[in-house]
Amino acid sequence: MTPALTGASRHRRRLASLAALALSLGVLSACEGDPGTSGEQSDAVGGAGDSTAAQAPRVVVRSNVRKGAQDVPVDTLLEVGADHGDLLGVEVSSPQGRLPGRRRDDGTWRAAERLEPGTAYVVRARVSGPDGPQVRERRFSTVELSLAQQTYASVAPLAGETVGVGMPVVVQFDVPVTDRAAMEREMHVEATPAQVGSWHWLSDTEVHYRPRDYWEAGSEVVVDLDVNGVDAGGGVYGQESREVAFTVGESHVYRVDAQAHTMQVLADGELLRTIPITTGKAGFTTRSGTKVVMEKYESKRMDSETVGIGGDEAYDIADVQWAMRLTSSGEFIHAAPWSVGSQGSANVSHGCTGMSTEQAAWLYAMTRRGDVVEYTGTDRPMTLDNGFGDWNATWREYRAGSALG
């Protein structure tokens, strides 16, 4: 049987127990866990042996990436915080430079960008501890990725380009995207003045954006693809973020009537000229619908074999002048001096829209990529996926092509 304790003995026993508990808590808070790839981990900050530190909770630095972690996923947004004290600042460096970030209202620091593959990072956190400001350092590295595990986004229009009111934003990925929604969440288009628009996926490698109606003339548009490090699905990640700004010029809309054999040229709604034209003959019917100028050539070789036309209908013309592409399938507007006698009265081409050299030169000079050509008068429809065919869908149909619903 244990002898009864006196009051003094009980007091000494209580003090000894509290001291042991304080020692055990101090050891636990200062320990480092085994390095891993992720998961919140903290570092305790305080002066060992300092009587003030022993009485107050130690400042703890925590992060969502463990100290010494390897193969950290590149889609990680690094976070650093402090408990029982203030986080004064965070600096994250690598051979590629500093990782930007900011302190949030809750006192934690969060990176503004995701991580680069195969990169060693050093995190230096300045905190307020019992002995004043201190710097705590941790290191980690990210997973290696091959080019086949990264997808790069090419963007049209080009930075600084002035385009027509029908120009879609066209993004093409060099490695397929299987998690379209994850990528689309980080793809933003902002127009001034503001205009409602939507993304529309044509495939796992191509996605377009257009406003509900043609762009307003004079609009300034910024495309922000914050896709670097985004998990695109199937073990593939975004390779690089892109930002492109472009301007929408004067409204050019050309109206082609294949039955009347004319093209009306309108600029900002004003009719400038009506041009006699010829379009596709029987068996080579020109498509009706809305087309957009994709590219321009002062002179272009046109070989019928490239579009599958051979036999008695084959042709190979080395220097077709003032050529403006309208479809991926090979429809152009161009000078056709050989058919001037039929222009304005008959359709004799293999699908292109021909006009005199003088008229074509005039039109070419005013035309820019993204200008609109609206065709009527044939029973062959234009399709959404033939070049910049984005306007050949209703707004509801177009929005349905978004991965975000």
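View 1. Of the 405 residues in the protein chain, 43% count as buried, where buried means under 20% relative accessible area, exposed means over 50%, and partly exposed is in between (1.4 Å probe, protein chains only). This is a predicted model, so local features need a pLDDT of at least 70 and side-chain atom pairs count only at pLDDT 80 or more, while totals for chains, interfaces and linings use all residues. Residues are numbered from 1 along each chain as its sequence is written, and side-chain values use heavy atoms, with hydrogens and water left out. The protein chain has five helices and 29 strands; helices (H or I, at least four residues) and strands (E, at least two) are DSSP runs, numbered from the N terminus.

View 2. The protein chain averages a pLDDT of 89, and 86% of the residues score at least 70; pLDDT is the predictor's confidence in each residue, from 0 to 100. Over residues 1-36 the pLDDT is below 50, and this stretch has 19 contacts in the model beyond near neighbours in sequence. A contact here means heavy atoms within 4.5 Å. Across the protein chain, 65% of the contacts with a separation of 6 or more are between residues 24 or more positions apart.

**View 3. The largest nonpolar core.** A nonpolar core is a set of buried Ala, Val, Leu, Ile, Met, Phe, Trp, Tyr and Cys residues joined through side-chain atoms within 4.5 Å. The largest one has 38 residues, of which Phe173, Trp199, Trp215 and Leu225 touch the most other members. Elements giving two or more residues to this core include helix 3 (180-184), strand 15 (197-203) and strand 17 (220-225). Strand 13 gives the most to this core, with four residues. Apart from this core lies another, of 20 residues, among them Val61, Leu99, Ala125 and Phe140.

**View 4. Zooming in on Trp199.** Setting aside neighbours within four places in sequence, Trp199 is in contact with residues including Val169, Val171, Met187, Leu225 and Tyr398. Glu184, His208 and Ser402 are also among the residues that Trp199 contacts.

View 5. In helix 4 (residues 357-366), Gln359, Ala360, Leu363, Tyr364 and Met366 are buried. Seen down the axis of helix 4, these buried residues fall within an arc of 165°, so they line one face of the helix; the arc is that of the directions from the helix axis to the C-beta atoms. Glu358 and Ala365, on the other side of helix 4, are exposed. Ser356 sits in the loop between strand 28 (353-355) and helix 4. Ser356 is buried, with a relative accessible area of 18%, and touches Ala335, Val340 and Gln343, not counting residues up to four places away in sequence.

View 6. Strand 21 (residues 252-257) and strand 22 (residues 262-267) run antiparallel, joined by six bridges; two strands pair if DSSP finds at least two bridges between them. Asp257 stands opposite Thr262 in strand 22. Strand 21 and strand 22 form a hairpin with four residues between them, and His261 in the turn has a positive phi of about 60°. His261 counts as buried, at 12% relative accessibility. Six bridges also join strand 22 to strand 23 (residues 270-276), again antiparallel.

**View 7. Met302 and its surroundings.** Met302 is found in strand 25 (residues 295-303) and is buried, with a relative accessible area of 10%. Among the residues that Met302 touches, not counting those up to four places away in sequence, are Tyr315, Ile317, Val320 and Phe332. Met302 and Gly330 are 28 residues apart in sequence and 9.3 Å apart in space, C-alpha to C-alpha.

**View 8. Two cis peptide bonds.** The peptide bond from Ala156 to Pro157 is cis, with omega near 5°, and Pro157 lies in the loop between strand 11 and strand 12 (162-163). The bond from Thr192 to Pro193 is cis too, with omega near 0°, and Pro193 lies in the loop between strand 14 and strand 15.
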